[in-house]
Amino acid sequence: MTSCLTLQERAVAINPTRSCAPIGAMLANYGIHGAITINHGSQGCATYPRHQMSRHFREPVEVATTSLTEKTTVYGGKQNLLAALKNVWERFHPTMIMVCSTCLSETIGDDIPAIIDEFLDKHPDVKIPILSVKTPSYVGNHTTGFDNFLKEIALNLPDRRKKKGETNGKINIIPGWVNPGDIRELKHMLREMGLHGLWITDYSETLDGGYYNPRPHFPRGGTTVEELRSSSKSLATIALQRYIGGEAARIYERRYNVPAHVLTMPIGLKNTDAFVNTLIEITDHTIPESLEVERARLLDALVDAHMYTTGLRVALYGDPDLLEGLVGLIAEMGMTPAYILTAADNRPWGERMVELTEELGVESEIILKGDLHELHKRIKQRPVDLLIGHSKGRFIAEAENIPLVRVGFPVEDRFGHHRRSIVGYNGAIALVDEITNTIFERRATTIVSNTLIETGVEGPTSVPIALRNGATARG
Amino acid sequence: MQFKCNQTLPERASHIAIKGPGGKCQRGDGTACFIANNVATTPGDMTERGCTYAGCRGVVGGPVKDAIQLTHGPIGCAFFSWGYRPHLADSDFHMKYTFVTDMNETNIVFGGEKKLLQSIIEANAEFPNAKAVFVYNTCSTALIGDDGRDVAKQAEAIIGKPVVFFECEGFRGVSQSLGHHIGNETIFRQLVGSVEPEGDFSRSINIIGDYNIKNDIRTFEYLFEALGLRIIARFTGNVSVDDLKIMHKAALNIVHCQRSATYIADMMKEKYGTPYINVTLWGMKNMAKALRDTAAFFGLEARAEEVIAREVARIQPYIDAYRQRLQGKRVFIYQGGPRVWHWIELLRELGMETETAATTFGHTDDYEKIFNQIAEGALVIDNPNVPEIEEILTRRRPDLFISGNKERYLAYKLGVPFVNGHTYDTGPYAGFVGMVNFARDIDKALHAPVWNLVHRYARPAPAARYAVHGSEEVES
């Protein structure tokens with residue numbers, strides 16, 4: 001089994017799998033109770049991400065903008081940012097303000113931290129933290145914005161320990177770019193183990209809230225600023241995505257002496273075991289009966305499903321961390337992740353994925369700087385049985401008549417995906433169920449190729465299958 | 001109405017007015033009319049406005065079905081503007097594909113012109129059947145001084161098809177409205193009139209300012225065709241580049257969205273002498289009037305009466321039935337611009353009254369039309385922001401809120417029935433037939449059992465840790 005690494009060369013990106021940095025910072029900031037984002041740039045830079053998040057979470061999403069115009073582009077956006085800070089403070093009294101930049105404000109060179117300092121000087125009554133996060137769209141992608149936000153949190157919010165060994169007894173958990181359902185599943189696991197997590201950050205309720213009468217001023221839930229201040233006194237930090245939060249975890253280690261554990265996203269049995277083992281290692285707690293039962297149930301589901309899933313070729317696309325975790329479960333299900341495509345230009349990740357896939361005994365092409373059009377072309381050349389990724393892959397799914405299992409962000413054409421979980425033992429069970437059911441549905445209507453019998457059979461992947469109307473088709 | 005949320009924002013008062021007795025409007029700051037509009041947003045007020053790029057790429061250029069939609073800039077602008085607005089056509093290339101030069105840091109430092117040229121060539125090579133390349137400029141590429149116009153010219157020579165360059169950088173203007181204008185001007189300058197077809201165009205029209213949201217055209221195009229008219233181009237719902245090239249041949253332009261597309265009608269009038277009429281293609285009376293006005297221009301009055309009579313006979317019973325169920329409901333409409341005044345009459349036909357009206361980017365002419373039509377005592381707001389909308393929903397408690405998807409979940413969280421007027425819940429809503437869809441959606445929204453459930457059974461948020469709206473304390 002040999003995997004290979006390809007770098008997409010085309011200059012033009014056609015149907016990108018990724019979006020841009022500010023949305024990552026906005027999303028992460030939603031995990032802090034009562035925090036408000038000010039986006040320093042054109043109005044579209046706030047409105048577009050808001051709209052995107054609304055479509056995914058089906059929740060009201062509010063982000064302030066400094067509404068830069070031509071004049072401010074020439075003379076600088078300082079006055080607009082000062083006014084925005086004042087207006088947001090006076091109207092909302094938030095617990096924290098996060099100012100994220102844009103292409104526009106970065107290119108014209110506004111010194112956001114200095115403007116924030118000036119605001120705080122003028123308004124001594126404002127005692128809340130105001131954080132500046134660099135999120136120009138031309139650097140990295142949406143995950144970069146999330147990661148930069150976490151780094152700023154780690155650098156700016158925690159108090160120093162007053163004395164050596166002072167602890168809050170909690171474990172910092174940085175889930176990364178996941179869904180509210182995922183955070184709730186991780187919380188469940190910690191609860192079962194009798195541990196207390198300090199979530200950096202926690203949008204499990206703020207972006208999947210209930211209907212309350214009256215409506216709370218700020219959405220219920222979220223990590224409080226006070227909790228974040230004490231995050232320097234935690235027992236350890238576990239980052240569950242390497243490129244979102246990995247660096248923040250290392251900052252906690254370097255600055256506050258909180259040991260860092262940077263893990264693969266806990267999707268599938270082995271990745272989840274690694275997470276649980278890390279918790280055990282940190283705390284000396286044992287794995288509780290309830291989690292053992294969940295774990296056994298996952299194994300049982302994998303056994304029950306294996307004759308339907310083994311040997312299928314799958315295309316995966318999305319963010320590096322999600323893909324790294326997913327590959328684990330896909331391999332455990334006996335499927336081959338034929339194409340693993342990410343938009344990031346991240347060679348170390350690509351090389352590790354080559355090693356990982358080879359270790360897992362699967363043969364993959366890992367495509368860096370890729371877009372969905374490239375993936376479509378690959379699939380046309382050599383089809384797959386299943387697509388796994390966010391909603392934007394639906395165009396390939398429709399064109400090639402290949403089912404799409406939706407994970408990641410954004411999922412805008414299905415209902416309630418943000419409530420689901422794909423992490424932990426329960427998340428993996430749910431995903432195994434969904435993938436297997438997708439295959440069942442497929443089998444009932446058209447085809448599912450089993451590429452193990454591909455050799456020697458004419459055609460791209462599979463044997464000809466009779467359709468209901470009597471015609472034959474190939475996968 | 002004094003907004004509590006505006007106590008610290010006195011400048012917002014000039015954007016808020018009440019229609020007083022005798023149709024006179026009274027502005028929130030005590031001065032006489034007119035309502036302040038089309039001016040820069042107050043920074044940090046949580047506006048719902050978008051950017052010029054959004055108006056140009058998303059509204060005007062995006063629906064053109066056989067053009068490569070290439071964004072010159074970083075990835076986000078292209079990602080967010082891709083595929084969410086249902087401006088449908090009889091093909092779906094424009095919905096399925098988005099192209100972007102994907103500017104990275106190196107490009108920002110060293111310039112993106114080469115990458116733009118290469119991108120146009122590559123995109124064209126991947127999709128050789130596309131009829132043109134539409135290039136949209138963004139904030140960052142404008143700031144670094146890329147000469148996109150020049151690159152577009154070079155590219156045009158290389159690929160042998162139009163490369164249309166839109167200077168629609170997000171920071172220009174105060175809202176997406178300028179993007180519409182730029183879209184109109186650029187398409188007019190670079191495409192319209194570039195081909196001179198042979199034939200008789202004496203009974204032909206363009207439908208200007210319809211974007212075929214959820215197939216709106218299916219509700220009214222057959223009516224114009226029934227008059228014996230030929231539709232050359234739509235601007236820009238379900239339109240091809242070739243249609244745009246010959247749209248100057250039409251005998252008459254009928255202008256539907258008078259905010260985003262009157263520009264091109266004016267330019268065609270000036271350059272080609274093409275007359276235009278303003279129409280509203282939503283609602284029974286308005287649709288009938290649109291057909292009558294169009295027919296009058298061509299001397300087809302009798303035919304129009306036949307068509308109208310046939311359609312009204314078919315549709316009116318449904319409308320009457322819905323009016324029974326909707327009578328007396330009070331509505332808050334918040335749309336981009338013209339839909340607000342397009343729908344005041346439509347809602348009256350359903351027995352409902354618009355009590356609050358707001359637009360994101362309306363200009364003076366839009367507000368004049370609103371004040372002419374709306375009932376006395378109605379509240380009119382320009383460019384409302386999230387806290388203002390929340391206050392209207394909680395204090396005025398309209399029976400129905402008609403707005404867009406960004407506002408939907410705020411309305412839901414406050415227990416206010418909502419219909420998506422931007423991209424429609426089911427749709428299409430235009431024409432005679434579409435009005436039945438609109439009425440049915442309103443009926444569904446108003447009478448869904450869920451409202452009874454939440455109004456009677458919802459409970460307060462459980463934790464005392466979090467402040468309840470209206471109280472001064474924020475403990476955490």
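## Strand S9 of chain A and its sheet

In strand S9(A), the side chains of Ala236(A) and Ile238(A) point one way and those of Thr237(A) and Ala239(A) the other way, and all are buried, a residue being buried if 20 or more other C-beta atoms lie within 10 Å of its own, exposed if 12 or fewer, and partly exposed in between, with C-beta atoms placed from the backbone. This is a predicted model, in which local features need pLDDT of at least 70 and side-chain atom pairs count only at pLDDT 80 or more, while totals for chains, interfaces and linings use all residues. Residues are numbered from 1 along each chain as its sequence is written, and chains are lettered from A and ligands numbered from 1 in the order in which they are written.

Helices (H or I, at least four residues) and strands (E, at least two) are DSSP runs, numbered from the N terminus, and two strands pair if DSSP finds at least two bridges between them. Strand S7 (residues 171-174) of chain A pairs with S9(A) in the parallel sense over four bridges, and Ile174(A) has Ala239(A) as its bridge partner in S9(A). On S10(A), which runs parallel to S9(A) and is joined to S9(A) by three bridges, Ala260(A) stands opposite Thr237(A) and His261(A) stands opposite Ile238(A).

These strands belong to an open sheet of four in chain A, with the order S8-S7-S9-S10 and parallel pairing. Strand S8 (197-199) and strand S10 (260-262) of chain A stand at the edges, each with a single partner strand, so one side of each has no neighbour in the sheet. From one strand to the next the twist averages 25°.

## Where chain A meets chain B

Between the two chains, 66 residues of chain A are in contact with 69 residues of chain B, contact meaning that the C-beta atoms of two residues, placed from the backbone, lie within 7 Å. The largest share of the side of chain A that touches chain B, 10 residues, comes from H2(A). By class, that side has 28 nonpolar, 26 polar and 12 charged residues, where Ala, Val, Leu, Ile, Met, Phe, Trp, Tyr, Cys and Pro count as nonpolar, Asp, Glu, Lys and Arg as charged, and the others, Gly among them, as polar.

## Nonpolar cores

A nonpolar core is a set of buried Ala, Val, Leu, Ile, Met, Phe, Trp, Tyr and Cys residues joined through C-beta atoms within 7 Å. The largest one has 262 residues, and those with the most contacts inside it are Val133(B) and Phe134(B). A second, separate core of nine residues includes Leu104(A), Met103(B), Ile108(B) and Phe171(B).

## Helices H12 and H14 of chain B

Helix H12 (residues 284-298) and helix H14 (residues 339-349) of chain B pack at an angle of about 120°, with their axes 7 Å apart; the axes are lines fitted to C-alpha atoms, for helices over the stretch in contact, and angles run from 0 to 180 degrees between N-to-C directions. The contact is made by Met284(B), Lys285(B) and Asn286(B) of H12(B) and by Glu345(B), Leu346(B) and Glu349(B) of H14(B).

Leu346(B) is buried, with 23 other C-beta atoms within 10 Å, and touches Trp282(B), Gly283(B), Asn286(B) and Met435(B), not counting residues up to four places away in sequence.
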